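Subject: Model handover and notes

Hello,

Please find the model below, for your files. My notes come after it.

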Amino acid sequence: MISKEIKSYFPILNQEINGNPLIYLDSAATSQKPVQVIEALENYYKFDNSNVHRGVHTLGNRATEKYEGAREKVQKFINASSTEEVIFLRGTTTAINLVAQSYGRANVNEGDEIVITYMEHHSNIIPWQQLAKERGAILKYIELEEDGTISLEQVKAAITERTKIVSMVYVSNVLGTMNPVKEVARIAHDNGAVMVVDGAQAAPHLKIDVQQLDCDFFAFSGHKMVGPTGIGVLYGKKALLDEMEPVEFGGEMIDFVGLYDSTWKELPWKFEGGTPIIAGAVGLGAAIDFLNEIGLNEIEKHEHEMAAYAMEKMSGIDGLEIYGPKDPAKRAGIVTFNLNDVHPHDVATVLDMSGIAVRAGHHCAQPLMKWLQVTATARASFYVYNDESDIDRLVEGLRSAKEYFNDVF
Amino acid sequence: MSFNNLDQLYRSVIMDHYKTPRNKGTIENDSINIEMNNPTCGDRIHLTLQVEGGIVKDAKFDGEGCSISMASASMMTQAVKGKNVETALGLSKTFSDMMLGKEYDESEDLGDIEALQGVSQFPARIKCATLAWKAMEKGVHEQEKS
């Protein structure tokens, strides 16, 4: 159950900002961390720190067990078939880059197509732009519907037999839209393409089942799901990962090293060159435990409720425009908006003076901003520690901002 | 809700420049063109300068951004117009020092620009205020090179 008690696990939220209690509404950028995660990191460094996969000594074993234990937690969390399909990397960006540089370079040739959408984060645009340029391939964008959703008709129109890769965000970091990635994966497969899912905004909020989605790759970051920064995951189907070459070479990822040639370790380690992100993985494991304790279905329900409440209350403010699907059931706990005549930076500064943290800017989605015909927007995003009273504070803050700019000047 | 601290940032002279920007537009022929943006937030400025014989004869700006960035651009064009290039660059240095909270040459008559001093108390907004000045510096330096 989502209860007020959850907030008490997040020490950072118990402070004043500019003389007001902090209301953190920027979880889509990064989430806050509960004591359970902070203590897992602290305990790892206090009691178990060592390098993994090589020590004969006890600490080496303990660190390895914790690191690989975290991999098992991730495997269950996303329902991958085996831990071989779970690669620990720095985050979503690194994961998508790995797919582009390894799978992409080997499989995309001149005249082939890579299909993405207008609502992608830069991390799911630029790796493909670079790949398309390098391979002489064509990068295509799926058009959005007026309400900021994706229709399967447009998907079918965009994907052809020349398409090698389809990559799509599961939950938009701007519009909050939840995309039908399972159906899109089927269309991709029918055309012989692989399906990559950017799950950065989905993993924190929905129950993920990669087998049920039948996607080929799924990327997400720990820090958006109450875990530490610097740890993320690439899931890939074993058959594909087996065929792929590593993109980082060095220690930890090798099997046999000769003077002029070397061989790689088996999955998943061949993609984890160098000393891995051990503490980060341990922290991510603790984050998964924390989220499971609440229940992902509960979290998703909470997000919809928060979005619905926020949209209802915010639409009562004159001159406030909300972007993305009007139906809260079609979106996660992300509400992006603009206040008439007040620039989003100014809105964010006024809210900050009231202790309310929101994001303002283009949210690393410049093509989407262009589609929306705005240069910047403000965004409030909600998570397990937010409740309706936070939204009431936001609405009050927005009214004050409007008053401040319209009446004072 | 009281916003006394906000009044440090949003002085009325700033809002005046924001709502009624001076030198808005573009200079047509033979001007120096500078496009600059703030990639983290989407602010964008297109500055055109006409420099003749070491004097900034005209300066106009166009663009999109928050009140601070647009007001600062308006003030900047007003301040450098008619000045020689050296003085303009000197003003830019003074402004930058003021933003960074460093000691600055207070003998200089900054006019309306003085109103932006409060921005230095809002670290996240300093880049908004300095964008137009950076564009001006870039334009002047590019012309010197050519």
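Residues are numbered from 1 along each chain as its sequence is written, with chains lettered from A and ligands numbered from 1 in the order in which they are written. This is a predicted model, in which local features need pLDDT of at least 70 and side-chain atom pairs count only at pLDDT 80 or more, while totals for chains, interfaces and linings use all residues.

Sheet in chain A

Helices (H or I, at least four residues) and strands (E, at least two) are DSSP runs numbered from the N terminus, and two strands pair if DSSP finds at least two bridges between them. In chain A, 4 strands form an open sheet in the order 13-14-17-16, with antiparallel pairing. Strand 13 and strand 16 (359-361) of chain A are the edge strands, each pairing on one side only. On average, neighbouring strands of this sheet are turned by 30° against each other, direction ignored; axes here are lines fitted to C-alpha atoms, for helices over the stretch in contact, and angles run from 0 to 180 degrees between N-to-C directions.

Helix 10 (residues 296-314) of chain A packs on the sheet and touches strand 13, strand 14 and strand 17 of chain A. The direction of helix 10 makes about 15° with that of strand 14 of chain A. Contact between two residues requires their C-beta atoms, placed from the backbone, to lie within 7 Å.

Strand 14 (residues 334-339) of chain A is mostly covered, with 6 of its 6 residues buried. The cut-offs are: buried if 20 or more other C-beta atoms lie within 10 Å of the residue's own, exposed if 12 or fewer, and partly exposed in between, with C-beta atoms placed from the backbone. A:Ile334, A:Thr336 and A:Asn338 point one way from strand 14, A:Val335, A:Phe337 and A:Leu339 point the other way, and all are buried.

- Strand 13 (residues 320-323) and strand 14 of chain A run antiparallel and are joined by 4 bridges; A:Glu321 has A:Asn338 in strand 14 as its bridge partner.
- Strand 14 and strand 17 (residues 377-381) of chain A are also antiparallel, with 4 bridges, and A:Phe337 stands opposite A:Ala378 in strand 17.
- Strand 16 and strand 17 of chain A, again antiparallel, are joined by 3 bridges; the bridge partner of A:Ala360 in strand 17 is A:Ala378.

Helix packing in chain A

Helix 2 (residues 58-78) and helix 9 (residues 278-294) of chain A pack at an angle of about 45°, with axes 8 Å apart. That angle makes helix 2 of chain A oblique to helix 9 of chain A. Angles under 35 degrees count as roughly parallel, over 145 as roughly antiparallel, 65 to 115 as roughly perpendicular and the rest as oblique. Residues of this contact include A:Ala63, A:Lys66 and A:Tyr67 of helix 2 and A:Ile278, A:Ala281 and A:Val282 of helix 9. The residues of the contact divide into 10 nonpolar, 2 polar and 2 charged. Ala, Val, Leu, Ile, Met, Phe, Trp, Tyr, Cys and Pro count as nonpolar, Asp, Glu, Lys and Arg as charged, and the others, Gly among them, as polar.

Helix 3 (residues 92-107) and helix 4 (residues 126-135) of chain A have axes 9 Å apart and pack at about 20°, and are therefore roughly parallel to each other. A:Ile96, A:Asn97, A:Ala100 and A:Gly104 of helix 3 meet A:Pro127, A:Trp128 and A:Leu131 of helix 4. This contact has 5 nonpolar, 2 polar and no charged residues.

Chain B

An open sheet of 3 strands in chain B has the order 1-2-3 and antiparallel pairing. Its edge strands are strand 1 (32-38) and strand 3 (55-64) of chain B. Strand 2 (residues 43-52) is joined to strand 3 of chain B by 9 bridges, and B:Thr48 stands opposite B:Lys60 in strand 3. Helix 3 (residues 67-80) of chain B lies across strand 2 and strand 3, running at about 170° to strand 3.

B:Ala132 is found in helix 5 (residues 126-145) of chain B and is buried, with 30 other C-beta atoms within 10 Å. Leaving aside neighbours within four places in sequence, B:Ala132 is in contact with B:Ile45, B:Leu47, B:Phe61, B:Ser72, B:Ala73 and B:Met76.

Contact between the chains

The contact takes 19 residues from chain B and 16 residues from chain A. Helix 1 (4-9) and helix 2 (12-19) of chain B are the elements that give two or more residues to the chain B side. That side divides into 9 nonpolar, 6 polar and 4 charged residues.

Regards
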